[in-house]
Amino acid sequence: MTASFLGQDYLEIRDLTVDFDGFKAVNSVDLTFLQGRLHFLIGPNGAGKTTVVDALTGLVHGTGRAEFRGRDLLGMKSHKIVRLGVGRTFQTATVFEQLSVLQNLDIAAGLHRRAGSLLLARGKTPAKVEEALETIGLTTLANRPAGVLAHGQRQWLEVGMLLVQDASVMFLDETVAGMSTEEREETGELLQRIAGDRTIVIIEHDMEFMRRYADFVTVLHAGTVLAEGTVAEIQADPQVQTVYLGTVTEVAADA
Amino acid sequence: MTAPDAPKTASRFTPARLFSSYGALVAIGLVALVLLVWAPGSLSAFRLGNLGKYCAWAIAAVGIGLAWGRGGMLVMGQGVFFGIGGYAMAMHMKLEAAGPGGVPDFMTLYGNGTMPGWWEPFRSGPFTLAVIVLGPAIVSFILGYGILKRRVKGAYFAILTQALAVAFATLLISTIKQTGGFNGLNTFSTFFGQNLYDPQVKENIYLITAGLLVFFLVVVWQLYRSRYGELLVATRDAEERVRFLGYDPANIKLVAFVAAAVMASVGGAMFVPIAGIISPSNVDAAASIMLLAGVALGGRSSLLGPALGALAVGYGQSALSEKYPTQWTYFQGALFILVMLFLPAGIASIWPKLKALVPTKRSASPGGVGIEAEVEADAGAVAPV
């Protein structure tokens, strides 16, 4: 990340529509993801949160415009989008279980290596990988197979993989789902630490986590943007309360 | 986040890991010693010839280990590439036997005695060698590009490659005037000018074949320990995840597919001067599956498993077919089924499993040999076909 990008790196989405055989899962959505803040995407099941991210990362076909660094992400191939600096995680953490934590990170860090250098074995651990291990707190587990990691640690490894691949836009899909309270706190602090010059978009169901760490919130409902603003603004929005927040906080309180 | 004050050395390569990497090289050295020093000194010319034949299959098997064991592509049609190399070599030797300007005997027998134009360049030795290496590389690149970029995988990939082997054999059988048809190409006299009946020449051909096997073992050893090897395993286990790391999985698999094809072709080329024949039955679906059986038996994702498995299946075929000539195919089929049912990661997985039963100091330490081996052994079992 060069200094010239600071404060100017953003992802601008206009009129994004995803049409599944006539059903509009995402309907003419306008969104702007700015650098340096934790931007939460919330909404009830089926609101289109994951579909928005799928469309922006080349997994499903979307129409409209999604401009990042002068390129339209819609229509680009998934791996090219990643190379442009837009990374994502999935609802179920998928790390390479047979490979060690270190190897997982090393592979993620390799996307800008020349093809020929791939034929060589890794010499010493790249500094970037070492740094990421430190940031996500898995240094001591570096040589363990990723398959033995606990649920929370896998999610952190995923975040680490985004760090080493120089993703300046990170889409995190329900990263804290299934985590213990302490793990959630550590995750929240980790995200705040790395937010700096990155654009971080978090899809979340956990309202408590959202209240605590969100800098900006977008509420999606039935494929459209229902409301946008700070946590306080969203909480005060009567529309959001009826459609979404009320019911879910009740559920969360019961659990 | 957890225990941040623990020592940082964990992320570096431990001596144990380095040893395990170079330990494999020592194992290859032992194989080389047996094949290149012990065997020529101890075996009769007949047995040595048989061993050479198994080595030719083993070369193809090493490639299958790469594509199937590490790449997750169940290549059921390697006979096609074995055949490209085999037929290229056989055509050259046939033309040598026919003499300068001569026409291979079978063409006068089945045809009108004129040679198709595309045979002509195979009079040249260098051209033939180039075809043996580049032919399968080009064919497999085009096929692989078409198949892999369309994200064909699993059983569909297997069936597609198997169908290619069937089509290839059918094509050969139906073109008797150009390729010798069902009989294939046989009756050779010389190998690059050397008299094939000279025992020393026979031994040299054996040594070249065994030497190539060792060479390809070293090649895949380097591939497996390289970053590419890690990426290939990652692609095998979670292809979509690799895509979201910024790589195109099709390209990663394509490299393994092309390398496997070249190895099969080189194996096929060396098979011809040793066996003295190449025919559709050496390259069809059944022959392709025989190659797979050896790889499965030895352990498809291990380094030496595919080669040793192919040598064992080759030996078993000779030994059993001498005693029970008609039943051998049943043995082979039963073997494949038994291995797949009870030992999906092959014989190579027995040792780490035994070792895991007896906890040692080394296998208890994180990042040590024990865990490495465990991961290795499980790799085959988890891989989807």
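Predicted model: local features only at pLDDT ≥ 70, side-chain atom pairs only at ≥ 80, totals over all residues.
Which residue forms a salt bridge with B:E240? Hold that thought for a moment, everyone, and welcome.

The partner of B:E240 is B:R243, and their closest N and O atoms are 3.1 Å apart. Both residues sit in helix α10 of chain B, three residues apart, which is about one turn of the helix. How accessible are the two ends? B:E240 is partly exposed, with a relative accessible area of 33%. B:R243, on the other hand, counts as buried, because its relative accessibility is 4% and the cut-off for buried is under 20%.

Let's stay with helix α10 of chain B, which covers residues 239-243. At B:E239 there is another salt bridge, this time with B:K153, at 3.5 Å from N to O.

A:D54 and A:R88 form a salt bridge, and the closest N and O atoms are 2.6 Å apart. A:D54 belongs to helix α1, residues 49-56, and A:R88 to strand β6, residues 86-88, so this bridge joins parts 34 residues apart in sequence. Buried or exposed, what would you guess for A:R88? The answer is buried, with a relative accessible area of 1%. A:D54 is buried as well, at 13% relative accessibility.

How many salt bridges does the structure hold over all chains? The count is 23. Some of them link up: A:D106, A:R113, A:R122, B:R227 and B:E230 form a network of salt bridges. If you read the chain letters, you'll see that this network includes residues of chain A and of chain B.

Next, the sheet in chain A. Four strands make an open sheet in the order β2-β1-β4-β5, with antiparallel pairing. The edges are β2, residues 23-33, and β5, residues 71-72, and each of these pairs on one side only.

Last stop: helices packing against helices. In chain A, α4 (residues 127-136) and α5 (residues 151-164) pack at an angle of about 145°, with axes 9 Å apart. Their crossing is right-handed. On the α4 side the contact includes A:V129 and A:A132, and on the α5 side it includes A:W156 and A:L157. Sorted by class, this contact has seven nonpolar residues, two polar and one charged.

In chain B, look at α3 (residues 78-98) and α6 (residues 154-174). Their axes come within 8 Å and cross at roughly 35°. From α3 we have B:G79, B:V80, B:G83, B:I84 and B:Y87, meeting B:L164, B:A165, B:F168 and B:L172 of α6. How many charged residues are in this contact? There are none: the classes here are seven nonpolar and two polar.

Methods: Residues numbered from 1 in each chain as written. Chains lettered and ligands numbered in written order. Heavy atoms only, no water. Axes fitted to C-alpha atoms, helices over the stretch in contact; angles between N-to-C directions. Helix = DSSP H or I, 4+ residues; strand = E, 2+ residues; numbered from the N terminus. Left-handed = near helix turned anticlockwise from the far one by under 90°. Contact = heavy atoms within 4.5 Å. Nonpolar A, V, L, I, M, F, W, Y, C, P; charged D, E, K, R; others polar. Salt bridge = Lys/Arg side-chain N within 4 Å of Asp/Glu carboxyl O. Buried < 20%, exposed > 50% of the residue type's maximum accessible area, 1.4 Å probe, protein only. Pairing = 2+ DSSP bridges.
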